[in-house]
Amino acid sequence: MLLHLGGSRGKMGILLIRRVGLFCRSAHLSPQNLEYRPIKKVMVANRGEIAIRVFRACTELGIRTVAVYSEQDTGQMHRQKADEAYLIGRGLSPVAAYLHIPDIIKVAKENNVDAIHPGYGFLSERADFAQACADAGVRFIGPSPEVVHKMGDKVEARALAVKAGVPVVPGTDAPISSLQEAEEFAKTYGFPIIFKAAYGGGGRGMRVVRDYEELEENYQRAYSEALAAFGNGALFVEKFIEKPRHIEVQILGDKYGNVIHLYERDCSIQRRHQKVVEIAPAAQLDPHLRDRLTSDSVNLAKQVGYENAGTVEFLVDKHGKHYFIEVNSRLQVEHTVTEEITDVDLVHAQLRVCEGRSLPELGLEQDKIQINGCAIQCRVTTEDPSRGFQPDTGRIEVFRSGEGMGIRLDSASAFQGAIISPHYDSLLVKVIASGKDHPTAATKMHRALTEFRVRGVKTNIPFLQNVLSNSQFLYATVDTQFIDENQKLFNLKPTQNRAQKLLHYLGHIMVNGPMTPIPVKAKSSSVDPVVPSVSLGEPPMGFREVLLKEGPEGFARAIRQHQGLLLMDTTFRDAHQSLLATRVRTHDLKKIAPFVSHNFNNLFSLENWGGATFDVAMRFLWECPWKRLQELRALIPNVPFQMLLRGANAVGYTNYPDNAVFKFCEVAKENGMDIFRVFDSLNYIPNMLLGMEAAGAAGGVVEAAISYTGDVSDPMRQKYSLEYYLKLANELVKAGTHILAIKDMAGLLKPEASRLLIGALRDRFPDIPIHVHTHDTAGAGVAAMLACAQAGADIVDVAVDSMAGMTSQPSMGAIIACTKGTKLDTGVSMDRVFDYSEYWEVARGLYAPFDCTATMKSGNADVYENEIPGGQYTNLHFQAHSMGLGNKFKEVKKAYTEANKLLGDLIKVTPSSKIVGDLAQFMVQNSLSRAEVEERADELSFPLSVVEFLQGHIGIPHGGFPEPFRSKVLKSLPRFEGRPGASLPPMDFEALESDLRMAHGDEITPEDVMSAAMYPKVFQEFKEFTSNFGPVDCLNTRLFLDGPKIAEEFQVELERGKTLHIKALALGDLNKSGQREVFFELNGQLRSVLVKDTAAMKEMHFHPKALKDVRGQVGAPMPGKVVEVKVKPGQKVEKGQPLCVLSAMKMETVVNSPISGIISKVHVNANSSLEGDDLILEITE
């Protein structure tokens, strides 16, 4: 039972006498010599998790609690956990508020506080604060002011250590006051040296200097950090010990001279001298070394009369020698691991000792303190390890912790909706794992961290997981260079964060409307298509079985020997390219794919990839085209796939190095592509031969396609005569094509022309399969395809009925019905066609904003005059309406005809058709006739596509370039002869992959490399989009385009077995940052996202952002405040030269120049507050 003696503790003078008495006594006092005074109310002069940790201990002991908070901390959890909470530091900066001693003492006195716990950081090691408490008659839960002063002054602490016989690192005897003193120390002891803050710890004000050139900058930074963190910039200098272990000993003393240790902690895993992971006890520590460390710690504490909790820190070199660093006269962040292995509640002990209890009374005697198992603490921080542990700030959108047996969590700001401020430390939550030994504790910790879900700010959790999996960490010892020497720790597994990213996407649509461009104002249908029933089991065998067994040559023979007409279904590509602006999503293709596999196994092939679908998938649908190919291949294993390959242009609109085309075909074949329809927009044989060679080398079926234009049945049109096509076919067959195709892009083949052309080809090449493609723009497509079949074509292209006609392909049902019972019978069931068509009829309604019928109600036979390809016909119609030229579309078509003649009557297919279209729109917009264009060709500013065509960028057209038009347009511009890509150097895929990994992480695939090779800018934008908004391809099409309605409930399947249940709840009002909060219910839990209102933000002023693709724009690497701007406009800077200094979370970062050049504009000044990527300055090279 404790003794309760009367009287007060007395004034400071009496206290000093008692302290002096303690210093000279070897035996401790008995409890009767001092008064036991119970504490009834405790204030914590701190914030965050340490404040809550102390509050919890007080509550357990029946002590009332008081919190203080700054103006910036009104929403922090620590003020809510206390019984009372009071504002301090009104009008002061966030850190200064917690350093304002008068306010803190005032609150304590006004509210009858008995004792103040300082926590760690801030004022915890300030002797003047401990003295102020004593002067006010408020107990300081910690050592006496004298001891705080001696231990807080690292130089004086060092002298005491020497006096106590504790080994120390060579260093200055007193704080240095100038850079010159640091230079003299370095000359005496050599580099490396280390600056340390004389009045604080935690890595603040600590800088290692390895050579003279670094000395001045690091001195300034260390001084500035120390001043900001502790209110005093004093520094001292030590010789820097290379690769030591950082071992600290927990001590505990009472008012009677008793001091015990609670063993050691290993804090070697650090970055920027701040501890990241702490372990108790230290792994594989020599028992004799442990005895020396603990004995030295206790002796030093007894020499100074140490009272309450503290930590003695040491460096242990590779020879096992230990050196005293400092004493932290406070509770440490990592005190938790000591509590776990000793079963001693250190905060309870602090409070009881402050009340006057002795350690023996509390049962805390050295022989009773035992190590029980192992404990590990990980500091989960809001820092980005991939960017040098730069602090991240913002709002926590999702927080889910890891818990369970052996896990303890100490936190304060870790909850959904918490705002992570740049003003304070980045610590989010301390996770402590306990187990019977080190590997067991590490396993528990890894499991707990894996359970965490933190969204809205970046964290170091992936880095911590790598540490916990490291074999050196698990089975050997680590030193303070562990992080620097294990760069694999930074191979971070990216977090998926799919659910929250999808909520961001949906919220963006709800606030700002569709993210893909919408040609016309039409809403998607609210009705989803019903998938026809599919029988269980594997689909029946199809022609792909023949291809896989017999190879391309055997496959071609089987096709030629087949009885009846074969069909290629274009519904999965060219049909929706022609009718729906290529916007059909993988989501809707996958749903119907199993039905096609089971019921249309006798199709020659399914056209589902290549051409415009490749870039549109990334550009407008935010999908990976390769993933589409992979998923469809898995769902349709039995029907051959066909793609459109633009010869030497692959799937692009420009020239590529030859090895890029070969590599593309190789990767496409590996991902499931079977047949490569190779064409060139000008029928330019050198370009086609390259594509054919690439497809053949990849092991694909080569289908060389001759692009058709003109009319072989019209004797008046001789440029593209029957002989022209036969000659082309000769060259392609000679080059080894497996199948010969006629690609009628505009639907110009009339029945008579079909009989003439196909009949002549069949006579010339009796053993080669012939494949014909057309469009039904004029309405004669079915008749033309039947004529082709009767003339000897083996395969014709069709689209399912509801996706056929107009600018698409002829009707599948019509061809099947017309050939039924004849020698051309397709063998395809009409009933299955009806079911297939019904699905697409409803699905088409989902794409109403892109449907050509919104502006075009029928096909038109004028295509025989203007020769506009089907897909382009639709696009031009949309463009004319969007530009307000809907009533002038007739003029656009007429201009297209005239533009074609100006350019020499071209084969018109992408990209040549785009060139003609660009010139036509140029003529309409500028009210130019063909004659005026020819006359003024040398003065007009033509579209770039027209100029590049005339230069020879896409090859040489049949009959050559039009003169004198070409010469007048080009004037002195260079001209290219021969195959455009032949002179390009090979593409360096290894370098490209390396660049992509640097930009996007290690998850880059060979398919990603090819996407970037084909479309660098589009792929970059696609990766940025998916990084922000996640896998939007798993949303249904209406949600993808229009977003959900308020109160709508829906499900999203992320992958098999993982389904999100989402309900849209509400849209918030506009806030001062131009954002609206959008509320959802996700899997039964409230979620919200902040979305910038793009319309509102146009009327609001915001700091400009640095553009990542502009080399001279320097952005803030992290949110923070500008401490110093080191340059001014007009100044010349070199690459790597310091530009400015930022401070965030009490850490300073120097922003260096990425290039050499001249400062053109500075956008910040000292004290500017910045968000990440805010523009700091601009440099002109």
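Which residues in α34 meet which residues in α36? I noted first that this is a predicted model. Then I went through the contact. From α34 I listed I915, D918 and L919. Across from them, α36 supplies S945, V946 and F949. I sorted the residues of this contact by type: four are nonpolar, one is polar and one is charged.

Next I looked up the geometry of the pair. Two packed helices are described by the angle between their axes and the distance between the axes. Helix α34 covers residues 912-925, and helix α36 covers residues 944-951. I found that their axes come within 8 Å. The crossing angle is roughly 130 degrees.

How many strands form it, and in what order? Three strands form an open sheet, ordered β7-β6-β8, with antiparallel pairing. I marked β7 (207-209) and β8 (235-239) as the edges. Each has a single partner strand, so one side of each is left without a neighbour in the sheet. From one strand to the next, the twist averages 25 degrees.

Last, I checked the pairing of β6 with β8. Strand β6 spans residues 193-197. It pairs with β8 in the antiparallel sense over five bridges.

Note on methods:
Residues are numbered from 1 along each chain as its sequence is written. This is a predicted model: local features need pLDDT of at least 70, side-chain atom pairs count only at pLDDT 80 or more; totals for chains, interfaces and linings use all residues. Side-chain values use heavy atoms; hydrogens and water are left out. Two strands pair if DSSP finds at least two bridges between them. Helices (H or I, at least four residues) and strands (E, at least two) are DSSP runs, numbered from the N terminus. Axes are lines fitted to C-alpha atoms, for helices over the stretch in contact, and angles run from 0 to 180 degrees between N-to-C directions. Contact means heavy atoms within 4.5 Å. Ala, Val, Leu, Ile, Met, Phe, Trp, Tyr, Cys and Pro count as nonpolar, Asp, Glu, Lys and Arg as charged, and the others, Gly among them, as polar.
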